[in-house]
Amino acid sequence: MRLFVPKEIQSLETRVALVPAAVSKLVGMGALVAIESGSGMAAGHPDADYLSAGAAIIADRAAALGDADFVLRVLPAPLEEIALQKPGSLATGLMDPFGSRERIERYANGRITALCSELIPRSTLAQKMDVLSSQANLAGYMAVVTAADQLDSILPMMMTPAGTISPAKVFILGVGVAGLQAIATARRLGARVEAFDTRPVVEEQVKSLGARFVKIDIGEVGQTEQGYARELTPEQVQKQREGMAKVCASSDIVITTAKVFGRKAPILLTREMISGMRPGSIIVDLAAEGGGNVEETIVDREIVTPSGVRIIGWAALERKVPRHASQMFAANMVNLIDHFWDREAKTFPLKTDDEIIQGCMLTHDGHIVHDRFKA
Ligand code: NAD
């Protein structure tokens, strides 16, 4: 089976879908792996390292897309490249299924089986293939490190002959994978951390990391079977904003990670709340790409408001640590392939009755097959 990794061509992207160690593993399993020349450079992996790992280095991207049985990408494929893949072949990686219907239709029309990384089930078995988790972990860490770097003060308490410095106050909004990692990172740096999430089950996790859970009574919310938050009513959002305003005003850093799977991120920090924060404080909006949790966020930009609050809206902050982000992304890819790999035939047999495949398979055999996207 021929696997192909095209170079990520979006200008801000630094990651690569397979790193050389992942290639070695796949080659050891009997796969033929081809990498577009230069794919790993931004993540610290020159072509020579891929060659040593057993990959072929490809200059002709279009031809390799047409040859491949399985195409592995980080970002959603450019629409015009989908038809280059041969019918019956597979594709995986992030596909932004809620953002582009056309991409899904093109995969179906091309008779390509699209295994969408965003839809990998949140189950214990599939955790090792879960790109959203592996990348969110790094984004949560980077949110704190980026904010700490831009803050006009330090995070830990310091007692010196010149006086005592109080610890910085960090408020984390949304305690999923990224939020938990942000709490842990801010705590390690010595900050005083508070956090809030609409799913009451996270309160214990917040406390176990040494942070305070902010209580805001917004009524019944709960979570979906997959562990995702449910969308709030406008009244609940309003209550939440009121409950958070004071916490934000007294925080040096606010990190927002609040997402609702398949929907636009809720706006939780309004202009008014931001103007209540002190000049020099920092907001990192990890939900920027999905619409943002902060009224003034601009995706992939850092802005300073008239009242002196810096809002950082970089999409996919894990891109700032491409070596580790790629290492983890590639491990997710290898784990997916390895889980189903037929070692004798050296192929990826498509088990359409398997629950992981059913969870993430968007298109197959000329049709959109995923329940959520059929209609
Ligand atoms: P996510 O990225 O969808 O959302 C981030 C967080 O924002 C979530 O905790 C969500 O509850 C919260 N949120 C949504 N609306 C909010 C609001 N208005 N105010 C405050 N917070 C709000 O979440 P995620 O990181 O992908 O994790 C979702 C869940 O899936 C978690 O329970 C996580 O533990 C679970 N999970 C399970 C597995 C597994 O079992 N394999 C893997 C990954 C994640």
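How are H1 and H11 oriented to each other, roughly parallel or roughly antiparallel? The model is a predicted one, in which local features need pLDDT of at least 70 and side-chain atom pairs count only at pLDDT 80 or more, while totals for chains, interfaces and linings use all residues. Residues are numbered from 1 along each chain as its sequence is written, and side-chain values use heavy atoms, with hydrogens and water left out.

To take up the opening question, the axes of H1 and H11 come within 9 Å and cross at roughly 10 degrees. Here axes are lines fitted to C-alpha atoms, for helices over the stretch in contact, and angles run from 0 to 180 degrees between N-to-C directions. H1 and H11 are therefore roughly parallel to each other (angles under 35 degrees count as roughly parallel, over 145 as roughly antiparallel, 65 to 115 as roughly perpendicular and the rest as oblique). Helices (H or I, at least four residues) and strands (E, at least two) are DSSP runs, numbered from the N terminus. The crossing of H1 and H11 is left-handed, a term for a near helix turned anticlockwise from the far one by less than a right angle, with clockwise giving right-handed. Ala22, Lys25 and Leu26 of H1 meet Ala330, Val334, Ile337 and Asp338 of H11, contact being heavy atoms within 4.5 Å. By class, this contact has five nonpolar, no polar and two charged residues (Ala, Val, Leu, Ile, Met, Phe, Trp, Tyr, Cys and Pro count as nonpolar, Asp, Glu, Lys and Arg as charged, and the others, Gly among them, as polar).

Within H1 (residues 20–28), Pro20, Ala22, Val23 and Leu26 are buried. These residues cover an arc of only 150 degrees around the axis, which puts them on the same side of H1; the arc is that of the directions from the helix axis to the C-beta atoms. On the other side of H1, Ala21 and Gly28 are exposed. Buried means under 20% relative accessible area, exposed over 50% and partly exposed in between (1.4 Å probe, protein chains only). The cover over the buried residues of H1 includes strands S1 (2–5) and S2 (32–36), together with helices H2 (47–53) and H11 (322–340). Just after H1, Gly30 has a positive phi of about 105 degrees.

H11 also packs against H6, at an angle of about 165 degrees and with the axes 9 Å apart. That makes H6 roughly antiparallel to H11. The contact is made by Val131, Ser134, Gln135 and Leu138 of H6 and by His324, Ala325, Met328, Phe329, Asn332 and Met333 of H11. Its residues divide into six nonpolar, four polar and no charged.

A further partner of H6 (residues 131–150) is H7 (residues 177–188), the two axes coming within 7 Å and crossing at roughly 40 degrees. H6 and H7 are therefore oblique to each other, and their crossing is right-handed.

Two loop residues complete the picture. Thr198, between strand S10 (192–196) and helix H8 (203–208), is buried, with a relative accessible area of 15%. Leaving out residues up to four places away in sequence, Thr198 touches Ile218, Val221, Ala229, Leu232 and Gln240. Ile267, in the loop between strand S12 (253–256) and helix H10 (271–275), counts as partly exposed at 22% relative accessibility. Ile267 and Val237 are 30 residues apart in sequence and 8.3 Å apart in space, C-alpha to C-alpha.
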